[in-house]
Amino acid sequence: MKNYDGNCEINLRAFLLTTGQYIQLGWVYFHTSLYYISSTKKTWQESRDFCQQQGADLVIINTKEEQDFTRQFYRLTWLGLRNITKRRRWTWVDGTTLTKSYWGPGEPNGFEGKIENCVEIRFFDLENSWNDIPCEEQNFWLCEKEATL
Ligand SMILES: [Ca+2]
Ligand SMILES: [Ca+2]
């Protein structure tokens, strides 16, 4: 028989088990998500494929704390943000459109007429750290998996 406390305990155990497995694989826990910072470089799509194979996706920035967290690795890192229309409508990998943004100085700019449809963290020292860049470039990446009880 399960009572309320029993269910809580089962949920907690499942949470710790899942979280523990990811941490053993090198993921880190921050606030309510698990993150994986890559040590190799891939295109935006290849990076996303990697994250999805791990039951996660490229990182979505929901808060200022999360934005600060993503800058601390000092690597050029893909975000889960790209343009999927001709009108440059920036869209997160969960389908939501961009509201609060952290574009770097002069970004997004489609530098030298290039089609820059994906977003990376480039200006680590600035809170406004984002840059648009061609999706075919090779970057490090950051996966995020929500991990709440
Ligand atoms: Ca997030
Ligand atoms: Ca740019």
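Reader: Is histidine 31 buried, exposed or partly exposed?
Author: Partly exposed, because histidine 31 has 13 C-beta neighbours inside 10 Å. This is a predicted model, by the way.

Reader: Where does histidine 31 sit?
Author: In the loop between strand S1 (28-30) and S2.

Reader: What is phi there, at histidine 31?
Author: Near 55°. That is a positive value in a residue other than glycine.

Reader: OK, tyrosine 74 next. What is its phi?
Author: Phi of tyrosine 74 is near 55°, again a positive value in a residue that is not glycine. Tyrosine 74 lies in the loop between helix H3 (64-71) and S4.

Reader: Is tyrosine 74 buried or exposed?
Author: Exposed. The cut-off is 12 or fewer other C-beta atoms within 10 Å. Tyrosine 74 has 10, so it falls in that class.

Reader: Switching to peptide bonds. Which residues does the cis bond join?
Author: Glutamate 107 and proline 108, with omega at about -5°. Most peptide bonds are trans. Proline 108 is in the loop between S5 and S6.

Reader: Now the inside. How many residues are in the largest nonpolar core?
Author: It has 26. Tyr35, Leu58, Val59, Trp78, Leu79, Leu142 and Cys143 touch the most other members.

Reader: Which elements give two or more residues to this core?
Author: One helix is on the list, H2 (44-53). The strands are S2 (33-37), S4 (77-83), S5 (90-92), S6 (118-121), S7 (130-133) and S8 (140-146).

Reader: Take leucine 142. What is it in contact with, beyond its neighbours within four places in sequence?
Author: Tyr35, Ile37, Leu58, Val59, Thr70, Thr77 and Trp78.

Reader: And S7, which way do its residues point?
Author: Trp130 and Asp132 point one way, Asn131 and Ile133 the other. All of them are buried.

Reader: How many bridges join S6 to S7?
Author: Four, and the two strands run antiparallel. Across that pair, cysteine 118 stands opposite isoleucine 133 in S7.

Reader: Last topic. Where does UniProt place the "domain: C-type lectin" feature?
Author: At residues 30-144, according to an unreviewed UniProt entry.

Reader: What are the helix and strand percentages over residues 30-144?
Author: The chain there is 16% helix and 27% strand.

Reader: How far apart are the end C-alpha atoms of residues 30-144?
Author: They are 10 Å apart.

Notes
Residues numbered from 1 in each chain as written. Chains lettered and ligands numbered in written order. Predicted model: local features only at pLDDT ≥ 70, side-chain atom pairs only at ≥ 80, totals over all residues. Core = buried A, V, L, I, M, F, W, Y, C linked by C-beta atoms within 7 Å. Buried ≥ 20, exposed ≤ 12 C-beta atoms within 10 Å, placed from the backbone. Contact = placed C-beta atoms within 7 Å. Pairing = 2+ DSSP bridges. UniProt positions renumbered as here; feature names shortened; annotations may be inferred.
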